[in-house]
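We will go stop by stop, with a note on what to look for at each.

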Amino acid sequence: MYVLGIETSCDETAAAVVESGERLLSNIVASQLKTHFPYGGVVPELASREHLRAIVPVVRRALEQAKLSYADLGAIAVTKGPGLVGSLLVGLTFAKGLALSLRIPLIAVNHIEGHIHAVVLEEKQHGREVAFPALALVVSGGHTHMFLVEQPEPFRYTYRLISKTRDDAAGEAFDKVAKLLGFGYPGGPIIDRLAPFGDPSQVKLPSTRMKGNELDLSFSGLKTAVLRYVRSADMDEEIKMRKQTFSSGPVKDIEAIRAVTSQQTLDLVASFQQTVIDELLSRALKAADKEPVQSIIVSGGVAANAGLRRRFSSIRYPFYFPTLALSTDNAAMIAAAGYPHLLRGERSDFSVKAQPSLAL
Ligand code: KG4
Ligand code: ZN
């Protein structure tokens, strides 16, 4: 069965075709980076407008890349939440209209379940299966959650929330710290590329100890510690200069970024990234020791982080990361997550609503 996935929960308009939940035939993502960059973050009204512009060509390209026509589709899977309501509505409304006119089933999918299934899809593509029960660490700009994922029978998955962030998501912390240091938006990829040039031992940043659920996470204290360091180290001039460099748009050339970044800032960036990774890794390992898990799944935008991937390579649990294209928001993961629901005969009717705060 060819499932068309549609994802518009935040600032990427995405469509993909996945065959039988295991073969990726196309994966198209239209980024809105240029639109939001001048504002240093996603502007919800602009995001919905851009989704409206992109949705038709993006879906068309996903079908072209898969060498399929609308008539070949067996079902449509679309993100219903969590996310920005105006953004979700574009994908959801489009998916409803298309499913209705093609007379094929519609399944509305939770975006976080999608991130987890990015890994399931990745493994299936290589003829492998994720070892369940698994601990899933979903780390993105909007979420930092850990779930116990079980597979009581083929094509049925259950999710139990084990811990979450009490304040900022990990990706949000990357973005806020990058903005504070004048690196533009989104911050994660830039910090990730700069971190290897710094010495994390040169700047001490605090780790957090949680009251209550010790597996919970928190990143707002870390962000404040970075801010305090910036103030005490008198970095204002350098930050101003860097903002100038980034004023006309995203800068890809790492040498150009390094040219406006002092060693002290590189050390701070390295220390920040190391602290975030330590926090994520220590909580994930603690949770894995407590629960009956066979493996650890890491997904969401922050799973693209090279430092995080490196650190996981030395743990004692089997672990899985999606490829970079499946780590950040995409529609292949939505098609893959929808497939088991469809196989079990689940359908969404056309009254299904966008759910901005949907939990898994
Ligand atoms: O999953 P995603 O594309 O969208 C949400 O559902 O939020 O995640 C985007 C987030 C952003 O905060 C971005 O800074 C972060 O993922 N991110 C990274 C990296 N690539 C993207 N964070 C750290 N290192 C990266 N390489
Ligand atoms: Zn996401």
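Predicted model: local features only at pLDDT ≥ 70, side-chain atom pairs only at ≥ 80, totals over all residues.

Residues are numbered from 1 along each chain as its sequence is written, chains are lettered from A and ligands numbered from 1 in the order in which they are written, and side-chain values use heavy atoms, with hydrogens and water left out.

**Stop 1: the ligand**

Select ligand 1 and show its surroundings: 19 residues surround it (each with a heavy atom within 4 Å). The closest are Gly141, Asp175, Asp192, Asn305 and Asp329. Now look for polar contacts (pairs of N or O atoms within 3.5 Å). A side-chain N or O atom of aspartate 175 sits 2.6 Å from an oxygen atom of ligand 1. From the backbone, glycine 301 places an N or O atom 3.0 Å from a ligand oxygen, and a polar backbone atom of glycine 188 is 3.1 Å from an oxygen atom of ligand 1. Taken alone, ligand 1 exposes 550 Å², and the protein buries 90% of that (areas by the Shrake-Rupley method with a 1.4 Å probe).

**Stop 2: helices α5 and α6**

Next, select residues 170–180 for α5 and 187–194 for α6 (helices are DSSP runs of H or I, at least four residues; strands are runs of E, at least two). Their axes, lines fitted to C-alpha atoms over the stretch in contact, are 7 Å apart and cross at about 75°, on a scale from 0 to 180 degrees between N-to-C directions. That makes α5 roughly perpendicular to α6 (the class for 65 to 115 degrees). Phe174, Asp175, Val177 and Ala178 of α5 meet Gly187, Gly188 and Ile191 of α6, where contact means heavy atoms within 4.5 Å.

**Stop 3: helices α4 and α13**

Which angle do α4 and α13 make? Select residues 111–125 and 332–343: the helices pack at about 95°, with axes 7 Å apart. So α4 is roughly perpendicular to α13. Among the residues in contact are His111, His115 and Leu121 in α4 and Met333, Ile334 and Pro340 in α13.

**Stop 4: the loops**

Finish with the backbone. Glycine 81 to proline 82 is a cis peptide bond, omega near -5°, and proline 82 lies in the loop between β4 and α3. Another cis bond joins phenylalanine 132 and proline 133, with omega about -5°; proline 133 is in the loop between α4 and β6. Last, serine 20, a residue other than glycine, has a positive phi near 50°, and is found between β2 and β3.

Terms used
Parallel < 35°, antiparallel > 145°, perpendicular 65-115°, else oblique. Polar contact = N/O pair within 3.5 Å; in protein donor to acceptor, adjacent residues only side chain to side chain.
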